[in-house]
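I opened this notebook to record, entry by entry, what I looked up and what each search returned. The structure comes first, and my notes follow it.

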Amino acid sequence: GEFDFGDLARFKSLEMMTEHLIMRYTDYPDLRTYLHGYALTEKRLAELNVPTRLLLAADDPVIPVQGLSDVFLPDAVTVQQFQQGGHCGFMESLAARSWLDSYVLEQLQSSG
């Protein structure tokens, strides 16, 4: 009962829908501030000094992997590219189960 997603079909774009959700359900003042909060810009990536792994999918319609080779990445960053995964998909079955949770858990357990 906290969220009402019944009217989302009225939006003509993902951006319009996201802005509506941000303004309605978060404390962000606008869409730009929200997006800037988690944008992985070249400057932010270059400043990373803790072990970081980027998981990318070649079929991601939102984040193209083609330009990553032009971006400076410090030694702390490891990139792992998969052929499929879409945008946050990484599905392992038609039941909409993602293998990403298991993958992250395995990585954390093996680095401990």
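Entry 1: I began with R10, which counts as exposed because its relative accessibility is 52%; by the cut-offs I used, buried means under 20% relative accessible area, exposed over 50%, and partly exposed in between, with a 1.4 Å probe and protein chains only. I note that this is a predicted model, in which local features need pLDDT of at least 70 and side-chain atom pairs count only at pLDDT 80 or more, while totals for chains, interfaces and linings use all residues. Residues are numbered from 1 along each chain as its sequence is written, and side-chain values use heavy atoms, with hydrogens and water left out.

I then looked up what R10 pairs with, and found a salt bridge to D7 whose closest N and O atoms are 3.4 Å apart; the term stands for a side-chain nitrogen of Lys or Arg within 4 Å of a carboxyl oxygen of Asp or Glu. D7 itself counts as partly exposed, at 22% relative accessibility.

**Entry 2: a second bridge to D7.** R24 also forms a salt bridge with D7, and here the closest N and O atoms are 3.6 Å apart. R24 lies in helix α1 (residues 14–25) and D7 in the segment before α1, so the pair ties together parts that are 17 residues apart in sequence. Helices (H or I, at least four residues) and strands (E, at least two) are DSSP runs, numbered from the N terminus. R24 is partly exposed, with a relative accessible area of 39%, and I recorded D7, R10 and R24 as linked in a network of salt bridges.

**Entry 3: the remaining bridge.** How many salt bridges does a search of the whole structure find? It finds three, including one in which the side chains of K43 and E47 meet at 2.9 Å, N to O. K43 counts as exposed, at 57% relative accessibility.

**Entry 4: helix α1.** I checked the length of α1 and found that its 12 residues should span 16 Å at 1.5 Å a residue, which agrees with the 16 Å between its end C-alpha atoms; the expected span is 1.5 Å times one less than the number of residues. T18, H20 and I22 are buried in α1, and what covers the buried residues of this helix includes α2 (31–38). For H20 the relative accessible area is 17%, and, leaving aside neighbours within four places in sequence, H20 is in contact (heavy atoms within 4.5 Å) with D7, L8, R10 and F11.

**Entry 5: T52.** I next looked up T52, which has its place in strand β1. Which residues does T52 touch, not counting those up to four places away in sequence? T52 touches A76, V77 and T78, and the C-alpha atoms of T52 and A76 are separated by 5.9 Å although the two residues are 24 residues apart along the chain.
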